Amino acid sequence: MSKKKASGYGPLAMTKWYRVVIDEAQNIRNRSTRSSRVMAMLDAEYRWALTGTPVTNTLADLYGLVRFLHYAPFNEWAEFNEKIARVQKRDPKLAGRRAQALLKKCLLRRTKDSKLEGRPLITLPPKTIDIEMLEFSPDERQIYAAVEARQQQKLNKFIHAGTVMKNYHVILVMLLRLRQVCNHPQLIAYAAGEFGTDGAQVVSADEDGGDEPRPTGSSVANSKTNAKTLMGDERFNLVTRQFHNTAKDMIRAEITGGDMPDDETLECQVCLELFVGNARVTVCGHVFCQGCLVDLFKRPLQGWVYY
């Protein structure tokens, strides 16, 4: 029996593939997600990663792709971090040159203008751009103005404190929230009734960029009491320590540039991605995105046989 079979891996993981091709490969850039780890684990003779955006935020995004390609020695995080990811923080130009040298060995870049034997690789029709300006309804304008006012308040605090660059990731999230509210207010978990006409009743948000209502002391106490009742004191304390330790490891890794903790509490057990918004812990200790958990309960049961 193979080691993978003995470890309980599924048929895809146990298959010896001739070639594995990933489209939109930037989706595995986060080395901590289960999808990224699983793709790197697949046994294949050849590996291709197709993407138009190999780097989204920092050069550390390249590691997920390099790990999938099994491009030694940089498929080991310690080596990649020491030579590229950590270097970017103190000497971005040096890190960039090293990343370019690495990519020259494993990257084939093709553009719309690329040619083969004097002929274009692909012939596309001329691009036509039609811009259609849409107007908010009165209710949509009211909600957007409220969200915008709140985000502007947070940005002003960063400007006055001189911490804009330290909070650039928070600002990116703030811009994301404004784009999301243009699509639908529910995407940012706001309810239209929570906003006043002047934006003064916007729910308070943590300064780390979260857009969810800050729980009051009484609501937190009630949640803890309910959790202890359902889980028992021993289980509650165990789960609490686990999350505290994981949070400390994440902070330490962010400061030192080290590896993020390989902990399943960091990702939803349904979508297998890192938590972005609300997380919910079940009585049995599993962690889910709030939205995934709600959707899970709404789905009809499939594949169950009752006796």
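The side chains of K83 and E79 meet in a salt bridge, with N and O 3.1 Å apart; a salt bridge is here a side-chain nitrogen of Lys or Arg within 4 Å of a carboxyl oxygen of Asp or Glu. The model is predicted, so that local features need pLDDT of at least 70 and side-chain atom pairs count only at pLDDT 80 or more, while totals for chains, interfaces and linings use all residues. Residues are numbered from 1 along each chain as its sequence is written, and side-chain values use heavy atoms, with hydrogens and water left out.

K83 and E79 are four residues apart in helix α5 (residues 77-90), and about one helical turn therefore separates them. Helices (H or I, at least four residues) and strands (E, at least two) are DSSP runs, numbered from the N terminus. K83 is partly exposed, with a relative accessible area of 28%, and E79 is likewise classed as partly exposed, at 23%. In this classification buried means under 20% relative accessible area, exposed over 50%, and partly exposed in between (1.4 Å probe, protein chains only).

By the rule stated above, the count of salt bridges comes to three. Side chains of opposite charge can pair when their charged atoms come close. D43 forms a salt bridge with K16, and the closest N and O atoms of this pair are 3.2 Å apart. Because D43 lies in strand β2 and K16 in strand β1, the pair ties together parts that are 27 residues apart in sequence. A salt bridge also joins E45 and K16, at 4.0 Å from N to O. E45 lies in strand β2 and K16 in strand β1, so this pair ties together parts 29 residues apart in sequence.

Six bridges join strand β1 (residues 16-22) to strand β2 (residues 43-49), and the two run parallel; strands pair if DSSP finds at least two bridges between them. I22 stands opposite A49 in β2. From β1 the chain crosses through helix α3 (residues 34-41) to β2, and this β-α-β crossover is right-handed. A crossover is right-handed if, with the strands pointing away from the viewer, the path from the first strand over the helix to the second runs clockwise.

R67 is located in helix α4 (residues 61-69) and is buried, with a relative accessible area of 15%. When neighbours within four places in sequence are left aside, R67 is in contact with R31, S36, R37, A40 and N75; contact means heavy atoms within 4.5 Å.

For the protein as a whole, the secondary structure comes to eleven helices and six strands. Of its 307 residues, 28% are buried. Among contacts between residues at least 6 apart in sequence, 52% join residues at least 24 apart. The accessible surface comes to about 21,700 Å², of which 56% belongs to carbon and sulfur atoms. Accessible areas come from the Shrake-Rupley method with a 1.4 Å probe, and for residues only the protein chains shown count as cover.
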